[in-house]
Amino acid sequence: MTYADRLKQLDAARWRIAISLTAAMMLFYFGFILLVAYDKPLLGSLVVPGLSLGILLGAFVIVAAWVLIWIYVRWANKHYDTAIETLRGEQ
Amino acid sequence: MTALFFFVFIAFSLGVTYVAARRTHSAAHFYTAGGRVTGLQNGLALAGDYMSAASFLGIAGLVALSGFDGLIYSIGFLVGWPVVMFLIAEPLRNLGKYTFADVVAFRLRQAPVRVAAAIGSLAVVSFYLIAQMVGAGNLIRLLFGLEYELAVMIVGAVMLAYVLFGGMMATTWVQIIKAVLLLSGAFLLAVMALSRFGFNPLALFRAAADQYGVAVLGPGRLVSNPFDAMSLGLALMLGTAGLPHILMRFYTVPDAKTARSSVSYATAFIGFFYLLTFILGFGAMVLVGQPAIRAIDAGGNMAAPLLAKAVGGDAFLGFISAVAFATILAVVAGLTLAGAATLSHDLWVNVVRHGDASELEQLRVARASTIVLGVLAIVLGIVFKGQNVAYMVGLAFAIAASANFPALLLSMFWRRFTTRAAQMSMLAGTASSLILIYLSPTIQIDILKNAAASFPLRNPGLVSIPLSFAVAIAVARLWPEPEAEARFAEVEHRVHAIPAPRS
């Protein structure tokens, strides 16, 4: 593969990961918002005394944001940075 | 006591400004602190810019008065950060210099893009400034009994001192100090509130349910229309990635890797802070009580300070109030700096001077713009007295998501994007969000007292964001720009910080 091809491939991989992770975040968040809008009784139901499903899922969305960012940073630090370093070295 | 904490903070931060001022000699220092901020520092500064008065006072108050519904805001404000991380931060750092318009204009014709970007940015900055100034005026009036107008002028004057003399260096350090104060203050307040409940959040939520009914733990009336909820959610999620003062911070770090780590830190701090708002809101609801919170301010904005007084007495109230004030001051400084960068770097240097202006001239124009914006902030704060702070911030996010985000994203990864598409998308996003805000129930029914509103949603995001994307795509398809497409190879290299090959 030529230099240009590999740069294109890396660029495509970065956008693919970026868009998938963004889509995952949107799925979690809008899933939560749609439940708030359409199934209030479900979110108001108690998991244990004092803890409603709504509060639990809300905290889960915040944790999900952290986890998705962690996945991205891990990929970027491990694969993306090394690949870019190699490409830069060849130029 | 409050006054003491208050003056200590102002004196200390002006000291920081004095030190920073001695190092601010060039436009690069004024806008980006010379690009030498570390990941942790920038993470704190981003968190500082983001955790505005709306977050601390507004959300705690909303939770205290309406329970779970308030948490919808906490969560919405956080989910914009993964979007910034995945789509914007690193390419933005690699392609631009001082403002996000640098990136949009990278391979397009400079003048039309920068003028459109400036219109969008200034609209966002103005709405955001109104919210902060109104919050500041109310806070100082409540704490010291000063006149609202005088309070707004004091905030404007102190903020001008930071930005004018210390530029981005001082603004960043004021942000860092404020973020540390706010995070530790909110944490301490949450721990002290929880100590009344055996350090068990569930015991606190149980107490709230016992006192006000179990309904406070579930969704209530605040989100009644599903489309309203979706519209606000979309605006909050994509708006963060279009806020000029947030985007500008990515130019203060040396490279894309540091931009990446700064978003990680920022998201960790901001998420932690919003989790704390769960405790603060319900804590105020139980320990202060809804009637007492309402008696002081109908919007509930004083819930967090009142909780501080209930658990820690007057000294703690003083500390928390000073923190809230510092929060507003720092956010206003960040916004003004971003607005000044748009006026001087985008409009004056790149449009009027065609990119050819001396360092001294750039710095002079930047400082003049700062003064203009500072005066504007004071005037807007006085004119919009009595507006709901959290709502105004929601609108600023909607304009940012419609005007700036689509053009910024498409310019970085769509080969066929054109000058005209960028220009029309930014103008359509700004105009449609402003017009729909004007036609919304909030303006038509609540403010103008009309019987009905011609647009049903309180937040325009659900319509204006897709519209801005559609305009961009349609215009680019109808009027292709081969030169812009040819220059995309350069973007493909520079986006990864690889120098483009000479053709």
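**Notes on salt bridges, the interface and the surface**

1. Let me start with a network of salt bridges that links A:Asp81, B:Glu90, B:Lys257 and B:Arg260. Please keep in mind throughout that this is a predicted model. Within that group, B:Lys257 pairs with A:Asp81, and their closest N and O atoms are 2.7 Å apart. Between chain A and chain B, the count is two salt bridges.

2. Which elements of chain A give two or more residues to the side that touches chain B? They are α1 (3-38), α2 (40-44), β1 (46-48), β2 (51-52) and α3 (53-90). The largest share of that side comes from α1(A), with 20 residues.

3. The contact as a whole takes 49 residues from chain A and 58 residues from chain B. About 4,600 Å² of area is buried between the two chains, and carbon and sulfur atoms give 76% of this. As for polar contacts between chain A and chain B, there are 14 residue pairs, counting those with both residues at pLDDT 80 or more.

4. Over all chains, the salt bridges come to eleven. One worth a look in chain B is formed by B:Arg114 and B:Asp102, with the closest N and O atoms 2.8 Å apart. B:Arg114 sits in helix α8 (residues 110-144) and B:Asp102 in helix α7 (residues 101-104), so this pair ties together parts that are twelve residues apart in sequence.

5. Another salt bridge in chain B joins the side chains of B:Glu361 and B:Arg353, at 2.8 Å from N to O. How accessible is B:Arg353? At 38% relative accessibility, B:Arg353 counts as partly exposed, because that label covers values between 20% and 50%.

6. Do have a look at B:Thr418, in the loop between α18 (405-413) and α19 (419-439) of chain B. With a relative accessible area of 1%, B:Thr418 is buried. What is B:Thr418 in contact with, leaving aside its neighbours within four places in sequence? The contacts are B:Leu108, B:Ala476, B:Trp479, B:Pro480 and B:Glu481.

7. Finally, the surface of chain B carries a nonpolar patch formed by B:Ile371, B:Val375, B:Val379, B:Val383 and B:Phe384. Together these residues have about 410 Å² of accessible area. One of them, B:Val375, is placed in helix α16 (residues 359-383) of chain B. B:Val375 is partly exposed, with a relative accessible area of 44%.

Methods. Residues numbered from 1 in each chain as written. Chains lettered and ligands numbered in written order. Predicted model: local features only at pLDDT ≥ 70, side-chain atom pairs only at ≥ 80, totals over all residues. Heavy atoms only, no water. Patch = residues over 30% accessible without salt bridge, like charges linked within 9 Å, V, L, I, M, F, W, Y side chains within 5 Å. Areas by Shrake-Rupley, 256 points an atom, 1.4 Å probe, with all protein chains shown as cover. Salt bridge = Lys/Arg side-chain N within 4 Å of Asp/Glu carboxyl O. Helix = DSSP H or I, 4+ residues; strand = E, 2+ residues; numbered from the N terminus. Buried < 20%, exposed > 50% of the residue type's maximum accessible area, 1.4 Å probe, protein only. Contact = heavy atoms within 4.5 Å. Buried area = accessible area lost by both parts, 1.4 Å probe. Polar contact = N/O pair within 3.5 Å; in protein donor to acceptor, adjacent residues only side chain to side chain.
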